[in-house]
There are 2 protein chains.
Amino acid sequence: MNYLKKVVLVSFCAFFSISLMAQTHPSLMLTKANVAAVRKGVTTYPLLRQSYQTVKNAADKALAEPIVVPVPKDGGGGYTHEQHKKNYSNMLSAATAYQISGQKKYADYVKNVLLNYASQYEKWPLHPKRKSEDDGGRIFWQSLNDFVWQIYTIQAYDLVYDGLPAADRKTIEEKLFVPILKFFTEDRYEVFNKIHNHGTWNLAAVGITGYVLNKKEYVETAIKGSKKDGKTGYLAQIDQLFSPDGYYMEGPYYQRYALLPFVLFAKAINNYEPSRKIFEYRDKLLSKAIQTSLQTSYTDKTFFPINDAIKDKTYESIELVYGVDLAYADIKPEVDLLDIAKQQNRVIVSDAGLKVAADLAAGKAVPFKYQTLFIKDGAKGEDGGLGILRSGANTDQQAVLIKAASQGMGHGHFDRLGLLFYDNTTEIFPDYGAARFLNIDTKNGGGYLPENNTYAKQTVAHNALVVDETSHFNAKVGPADKTSPNLLYFSNQPNLKIVSAKEAKAYADVTMIRTSALVKVDGLEKPLLIDVMQALSAKNHQYDLPFWYKGQLVNTSFPIKAKADGLTALGNNNGYQHLWLNASNKLDVKAGLVGLLNKNRFYTTHFASDNPLEVKLVSIGANDPEMNLVDGKAFMLSSNGQNQTFASITETHGGTDPINETVSSALPSISELTIVKSDAQQTVVSFKLKGKIYTYQINYNDKQNYISFK
Amino acid sequence: MNYLKKVVLVSFCAFFSISLMAQTHPSLMLTKANVAAVRKGVTTYPLLRQSYQTVKNAADKALAEPIVVPVPKDGGGGYTHEQHKKNYSNMLSAATAYQISGQKKYADYVKNVLLNYASQYEKWPLHPKRKSEDDGGRIFWQSLNDFVWQIYTIQAYDLVYDGLPAADRKTIEEKLFVPILKFFTEDRYEVFNKIHNHGTWNLAAVGITGYVLNKKEYVETAIKGSKKDGKTGYLAQIDQLFSPDGYYMEGPYYQRYALLPFVLFAKAINNYEPSRKIFEYRDKLLSKAIQTSLQTSYTDKTFFPINDAIKDKTYESIELVYGVDLAYADIKPEVDLLDIAKQQNRVIVSDAGLKVAADLAAGKAVPFKYQTLFIKDGAKGEDGGLGILRSGANTDQQAVLIKAASQGMGHGHFDRLGLLFYDNTTEIFPDYGAARFLNIDTKNGGGYLPENNTYAKQTVAHNALVVDETSHFNAKVGPADKTSPNLLYFSNQPNLKIVSAKEAKAYADVTMIRTSALVKVDGLEKPLLIDVMQALSAKNHQYDLPFWYKGQLVNTSFPIKAKADGLTALGNNNGYQHLWLNASNKLDVKAGLVGLLNKNRFYTTHFASDNPLEVKLVSIGANDPEMNLVDGKAFMLSSNGQNQTFASITETHGGTDPINETVSSALPSISELTIVKSDAQQTVVSFKLKGKIYTYQINYNDKQNYISFK
């Protein structure tokens, strides 16, 4: 009898473990068992103290203002949009302050905001500013923002749960959260089951809400999809949206954004059902995704802005604060993550934040380990990837990115084998990013501008090869999504870091191979960026290779002769219509140089071609009636022929000291860059440095001896 | 007998006091009596320790390299130019290291460099790159650099004097310093006696060298001029180059530069002949000059870049490090100067640096007291001046500068009543500064570019009123130097800071009055910049008022309709030829607005005119064959009429948070800006804010009630 009772009880517990766990609040980022420790940590560890102070200040500010829950009306950046964002942010701040301070006023604030929403939500129809019936929200113009709202709000609710009267909880759940769950899973069924970041936000909101409200049916569908067959849902998203290296095909900007629902839901799953071992799933995929997100940033904290990206986005972004805290506390305590946490200058006031702040205070941080690596793209890791070369300490690092990844769907840019170059904690050869003023209503409602399609996505807006003034894949997403570049070679040696990749489908009859390397040479302080772009074709083509640059032109091997008056657009289409042709110079020889001054340092790009060469100097701004585009300048190497190779060496040298008014090494050290030979087997270039002739040879068909440099 | 002996001895001492003092080395920035204390301070006070470490590192680096004293050959920024600069800098570092460490190797280094110069100097003719026979140097292309060289070198010599064998001293003095003194005072007699910063450098070099070499004849001529009649020389320079407020007519960039010989020579005079009370001279003029130099900087540390100015010059510049250290230690220990020293992050390893570092370590610093003030220009303070309005803490300060000063000779720009506006530690309405890449040989030898005259000096390059597309005084220095604007009114109240000034001579038949104010209004976080530019004339004219801006245009009250293709220059001359006309918009009404986003903050300029209004959007770059000009954009208010008033209110509001992707107050709060009335007696403007109508009235003829605002 006793025995039977025990068995029944155990079975009962196992069966209802979710339900039982769910009785404990809070149980997400901050758990009941750790509240006392976090309260103590807030008085002990500087970063946690300061992070809590920020949260508490926000909470106090919120409490001092009247509660406003407006009927949804405005689009992105507009008043009601920003107010509803403010509300979820305020609720989470107040709810956190409630747990740490124990002061009921904070819980009351959250209660009152939620009751206000509960009194209105069911009356709200689809948002009047929705762009389609399929993805409109009710609180916001797009349902995505509703999902985000719910993810923050449910956390706040979990934190104040114990401080609310049961009757109010009932009202809030029945009049707000249950209708929201219904809206997300039924009205937004398509989104819920879509393998896409909107889907992730939706199902994470549903899943976490399911845990907190103890509605395990919702948890199950969130994890395995509406049909519970695993073809959609959270696990399918982890399987399909990330590469085995944890790369998210839309690129770092969206990877950062997509990450948050993944890690928050993972944390919830881990707390409620640790037996699922979610952090172990797919060979620790979530940990890799966080790591890869950091590896796709530069030392100025910004993410590499490939594809549609807001350029000033950094890893200080809240998603990465969650990511880094959880990666360190819940997955693996790699001490270089503490460096990132220090740079972020905040932690989440939570179990994880406590651990990070404590270990930072204990002095465990070491500089973040930026790596030279090739990050594979594609669910199976077979769709190209990003080649990232790095050299130097984090305080003054050179970084080169070659984009040999897949298209990344609708937010992808047509910049196969595009190159980015960074040095001295700044951009040297930048990416334009997206044409968008995020959330600024006067600029197309804060959404993507028309020039995002007509310019920012086009090939010529990138440091990528343009053939016959048309973009890769004619700028069509469909065909572009079907194919990816191939990695030919990758190597990471101390003095020779190389990535070489091929793109054969972007144009009908041209194969492009780009081989970029950071090469340390005796007697030079900084590595050389040696870049060889080879195009092979049976037909004649016009080849344009732009180098978008920051800084000021201070040296050229040819007379610039910029156009004095009557500036015209460089072309009619494919982004060319947005470029002013400031100067064009047909060179007498097949080589030359351009010298730049950027952030008090000199950069000279020596270049050579195997066909006659023209250098065009262009700037952004033509055919832009609303002045939507931001400034930018490029020198563009132009040539005509069948096969075409552009070789360039970018030398980093000397600098100016404006405080002391001194200049050092204003002139480059390299000279006589020449293409000795370039065909399908080999490219051989030579240059002179301090009296010595160096030869750099690429053997395209010899993986054992791909590069020889002597 | 005894008494006589005493008298003789006393007389002897008085007579030879200079000589006797001169026997002591070192006796300039670092004095023998203080060496022990500075040595101790270097181990005690962080800023002195760190400053010495920098000096010692430089010295050690110098000692590790071969001594190179090349035959002078290159112009500014070229190899021999930079090497000779490096030599004096290295000698001073090594000499300082000698005094602090006591290690003879440092003195030996200085000795060897000096002996090398002594072995060659007399053979060097005038520099081959000199631009004229009158001001060519022998070590450098212009004698100015020779003077600077000597000022640094003589300090180094003084520091190592006791460590050199007498025979070497003899060689160095006879073969190097004496010929230099002769060159400076005889071959460069004109410069020596010119009331101009080149003259100051010359005589300070001569005077300090005279003290150190105990040649008081040279000291006398340095102080009183070659004829010793006081019409030229150091005291005459102090009398004539500075205004009673310590303003140097060429502007802050050159004031900073001119300051160093003044303060170094003053320190030498004070050490050798304290009885001259040089720091008290002309009502403590030198102290005022240092203070004014700081007051003409913004909180981003840069000097207001009016006239020819290199824009990234800050008060971290060595001249101000000397200035601040001496002002604090030798003139008056104002504790807010310690804040500047802290920002400079270095002190001179010297008596003064010791005191500054010690007091900083003792926690005596308070934030630097930026003031709202009118700085008078002209030797008698009668030639206009600079009106500077400030509001807010140093961490987020608004600053407005109205340039109502004299022309400032050849480096002056034609920007009477020009306006600069700063906020959020950045430029909002900037000054172009000089068209020059200092010391970059590939850009016109590092000197001023042709576009400095054709563009940077012209009125249209500034936030100043242009009449009939011609510059003030037709851009002729002669007539411009003869006259200055008049200050009409200045007021500094907590909520209303105003400067109003008149310029009646810049154009033959137009009188301009500009009245600019920072006005705090209830309910707005930041003050409003209310700017009224009135032009009075009996004839019809074209009036253009450009607002050069930083940041991105995000809002306009009119359709922008930027030119799609075929961009043309705005005009043919007076700087207009360098502007592209991107858009022109004839407004239906006499008012409008332009909204900007700059460093994540919004600025909306509301404007109104009493004649029909056209808004032109322009950018820099036309007729610039070598691409010498840097980027810049302006909106330009244009109108035609006899009298013309442009009223504008620039509202600072809201902002974007790119990390958290939020936007606040993207739209302005003000509306309905209207010119109610504007004539020679009054200008009345009104605007609406939060339902209330405000009236801002200028009474040009009523000094007791100049502005009324309600």
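In chain B, the cover over the buried residues of helix α16(B) includes α4 (46–64), α14 (281–295), α15 (318–331) and α17 (351–361). Here contact means heavy atoms within 4.5 Å. Helices (H or I, at least four residues) and strands (E, at least two) are DSSP runs, numbered from the N terminus. The helix α16 of chain B spans residues 336–344 and is mostly covered, with seven of its nine residues buried. Buried means under 20% relative accessible area, exposed over 50%, and partly exposed in between (1.4 Å probe, protein chains only). The buried set is D336(B), L337(B), L338(B), D339(B), I340(B), A341(B) and Q344(B). Just past the end of α16(B), N345(B) takes a positive phi of about 60°.

This is a predicted model, in which local features need pLDDT of at least 70 and side-chain atom pairs count only at pLDDT 80 or more, while totals for chains, interfaces and linings use all residues. Residues are numbered from 1 along each chain as its sequence is written, chains are lettered from A and ligands numbered from 1 in the order in which they are written, and side-chain values use heavy atoms, with hydrogens and water left out.

Next, the two chains. Chain A superposes on chain B by a rotation of 180° with 0.0 Å of shift along the axis, at an RMSD of 0.0 Å. That is the relation of a two-fold axis. The superposition is by least squares on the C-alpha atoms of residues with pLDDT of at least 70 in both copies. Of the interface residues of chain A, 100% are also interface residues in chain B, so the copies meet through the same surface.

The largest nonpolar core has 122 residues, and Y157(A), Y234(A) and F265(A) have the most contacts inside it. Helix α13 (residues 252–272) of chain A gives the largest share of this core, 14 residues. A second, separate core has 121 residues, among them L286(B), L320(B), A357(B) and Y370(B). A nonpolar core is a set of buried Ala, Val, Leu, Ile, Met, Phe, Trp, Tyr and Cys residues joined through side-chain atoms within 4.5 Å. Residues up to four places away in sequence aside, F265(A) touches L203(A), A204(A), G207(A), I208(A), Y211(A), A222(A), I223(A) and Y234(A).

Some space is left inside. A search of the whole structure finds seven cavities of 30 Å³ or more. The largest cavity holds about 60 Å³. On a 1 Å grid over the protein atoms alone, a cavity is a set of points where a 1.4 Å probe fits but cannot get out, and lining residues have an atom within 4 Å of a point. Grid points are joined across faces, edges and corners, and a volume is the space filled by probe spheres set on the points. The lining of the largest cavity includes I306(A), K403(A), D415(A), P430(A) and H462(A). Both β3 (398–404) and β4 (418–423) of chain A supply at least two lining residues each. The largest share, three residues, comes from β4(A). The lining divides into six nonpolar, three polar and three charged residues. Ala, Val, Leu, Ile, Met, Phe, Trp, Tyr, Cys and Pro count as nonpolar, Asp, Glu, Lys and Arg as charged, and the others, Gly among them, as polar.

T292(A) is in helix α14 (residues 281–295) of chain A. At 7% relative accessibility, T292(A) counts as buried. T292(A) is 46 residues from G246(A) in sequence and 6.0 Å away in space, C-alpha to C-alpha. Beyond four places in sequence, T292(A) touches D245(A), G246(A), Y247(A), Q255(A) and I375(A).

H81(B) sits in helix α5 (residues 79–101) of chain B. It is buried, with a relative accessible area of 3%. Outside four places in sequence, the contacts of H81(B) include W141(B), N145(B) and N439(B).

V684(B) belongs to strand β21 (residues 682–689) of chain B. At 8% relative accessibility, V684(B) is buried.

The backbone deserves a last look. Most residues other than glycine have a negative phi, and most peptide bonds are trans. The bond from H25(A) to P26(A) is cis, with omega near -5°. P26(A) lies in the loop between α2 (17–22) and α3 (35–44) of chain A. A cis peptide bond also joins H25(B) and P26(B), with omega about -5°. A475(A), not a glycine, has a positive phi of about 55°. F473(B) has a positive phi near 55° and is buried at 8% relative accessibility.

Technical notes
On a 1 Å grid over the protein atoms alone, a cavity is a set of points where a 1.4 Å probe fits but cannot get out, and a pocket is an open set with protein on both sides within 12 Å along at least five of seven lines; lining residues have an atom within 4 Å of a point.
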